[in-house]
Structure formats: C-alpha cells, structure tokens
Amino acid sequence: MIALDSVDVSYGNIQVIWDFDFEVSEDAGVVSLVGPNGAGKSTLLRVMSGLHPVDSGTVTAWGEDVSTLDSSEIVKKGFVHVSEERNLFGEMTVRENLEMGAYTERDNLEETMQEVYEVFPILEERSDQLARSMSGGQQQMLAIGRGLMARPKILALDEPSEGLAPQITDRVFEKIEDISEDITVLLVEQHVNRALKMADRAYLIENGRIVKEDTGTRLLESDHVKDAYL
Ligand SMILES: Nc1ncnc2c1ncn2[C@@H]1O[C@H](COP(=O)(O)OP(=O)(O)O)[C@@H](O)[C@H]1O
Ligand SMILES: [Mg+2]
C-alpha cells in the first residue's frame, strides 16, 4: 500500500497540494483520479514516486516512510509510474526500452518480457524496431509495457490516452482493464467518463484537494461531476 498523510506540496513558493490524505492498496483494482487541468494530479503521482519532495506530511510505501527515498527504491517496493511524457528512448529498440524498465528486476527479465508480450503482442512483433518509429498508440503501449517490466504491485498511469485517436484510446483502455485484473492501476485521465466507469474507487481533485470520493459509477452519477465534467 502507498499512502499520503497530510501532504503539502509546492513548486517554489506556490503551494499546489493541500493537506492531502490518500491511499491505494495492491488489491484496489482500478483507482481513478479525475479533475481539471492544473488540479495537481500529475504532481501527486510525482510525489508518490519520489520525483518531487513534500513540504510536510509523509509518504509511506508498504509501511516504510519513503518521503526521502529516491525513485528507484520506490520502484523496487512496487510502485511504478508511467509519466505523461512517456520518456521512451527513441533511438533504442522496443526490446531495449523494455529491458530498461527491468532495471530493478533483472532476474526474471525474459519471463517478464514474455508476460508483457502477451498483453501487448504488437511489442513482440516490433521488438527490433526503434521506439521513435512507432505510432503514438504503440509508443503508449511500450511505455506501459516498460512500466510492467519492473513487476509493479501498483501501476500509475498519467493520461495514457493523451494525444491518441479515439479507436486507439479504446484499445489502450482495454489493455488497462486487462492489466488491472492482476495489478492495481492508479489512473489519471481527462476522459472522465471512461476513467470513472472502469474505476472501483475514484477521486475528484480540484485545486490540490480531494473534493469528492466514491465508487467510480457513483461519482460518475453525481451532479458535481455531471455538471462540470461531462
Ligand atoms: N514544474 C512545475 N513548475 C511550477 N509549477 C508547476 C510545475 N508542474 C506543475 N505546476 C503547477 O502545479 C499545479 C498542478 O499541476 P499538475 O500536477 O500538473 O496538475 P494536473 O496534472 O492535474 O493537470 C498547476 O498549477 C501547475 O501549473
Ligand atoms: Mg497532469
């Protein structure tokens, strides 16, 4: 389980996350974070993965305070974050990119890669191709596949549908549903409808605070969400 307790976060002297309490366990299915641009969703993922410090409060992962650990140690504990930027190595092949994802889990690399190829057969077909030559949807699948290579207990995905055409978005969401049968997925999405429909638990975030929390379907039916986001 990863948990934030009374967390405040700033960029310089501008506070963007306020007294935030939040937790995700490894049997949570799909947990969605929705809310407007600038609400702080990406910042929360960066804080959980050790990429941005907290001003105060604590971040714990599987019982250990990780507020001051670096990101590779948090990956080792089981929390993996696929950022919005995807950060692929464009001049490396698909296979090499997947190998990079396994930097904390070298032992079962081939076995894990086979599992990733089962989820994303296209990555096996294209394994020798350079990452930059893949389409946007394929690159997103590669970014998710690379995240899976670290064998996460919780996989955080920041706007996986960003920049993708509607049919490709559908395919990516299908894959995310498949993955969530084995691994908890913490999903940040602009596609509020999709993100809430598939969520077991969902949080509406505005101005760095949780303003509503419920099951995905109940949040989707709430007047606040209907009026502001659908
Ligand atoms: N690197 C940064 N430097 C300064 N301010 C930032 C930076 N990244 C995000 N912010 C600000 O923090 C707030 C939250 O941003 P972000 O976490 O990206 O929101 P979301 O992912 O919900 O769109 C916004 O006001 C944004 O402008
Ligand atoms: Mg964001």
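Predicted model: local features only at pLDDT ≥ 70, side-chain atom pairs only at ≥ 80, totals over all residues.
Let me begin with a term: two residues are in contact when heavy atoms of theirs lie within 4.5 Å. With that in hand, Asn97 touches Leu88, Phe89, Met92, Ala131, Leu142 and Arg146, once residues up to four places away in sequence are left out.

Residues are numbered from 1 along each chain as its sequence is written, chains are lettered from A and ligands numbered from 1 in the order in which they are written, and side-chain values use heavy atoms, with hydrogens and water left out.

Now the overall picture. The protein has ten helices and ten strands, where helices (H or I, at least four residues) and strands (E, at least two) are DSSP runs numbered from the N terminus. Its radius of gyration, taken over C-alpha atoms, is 17 Å, close to the 17 Å from the globule rule (2.2 Å times the number of residues to the power 0.38) for 230 residues, so the protein is as compact as a globular protein of that length. The C-alpha trace spans about 45 × 40 × 30 Å along its principal axes. Of the contacts between residues at least 6 apart in sequence, 66% join residues at least 24 apart.

On burial, I use buried for under 20% relative accessible area, exposed for over 50%, and partly exposed in between, with a 1.4 Å probe and protein chains only. By that criterion, buried residues make up 51% of the 230 residues.

Twelve of the 13 residues of α6 are buried, among them Leu142 and Arg146, both of which are touched by Asn97. The buried residues of α6 pack against several elements, including β6 (79-82), α3 (94-101) and α5 (121-125).

Asn97 itself lies in helix α3 and, at 0% relative accessibility, counts as buried.

Leaving aside neighbours within four places in sequence, Glu124 is in contact with Gln114 and Tyr117, whereas its C-alpha atom is separated by 35 Å from that of Asn37, 87 residues away along the chain.
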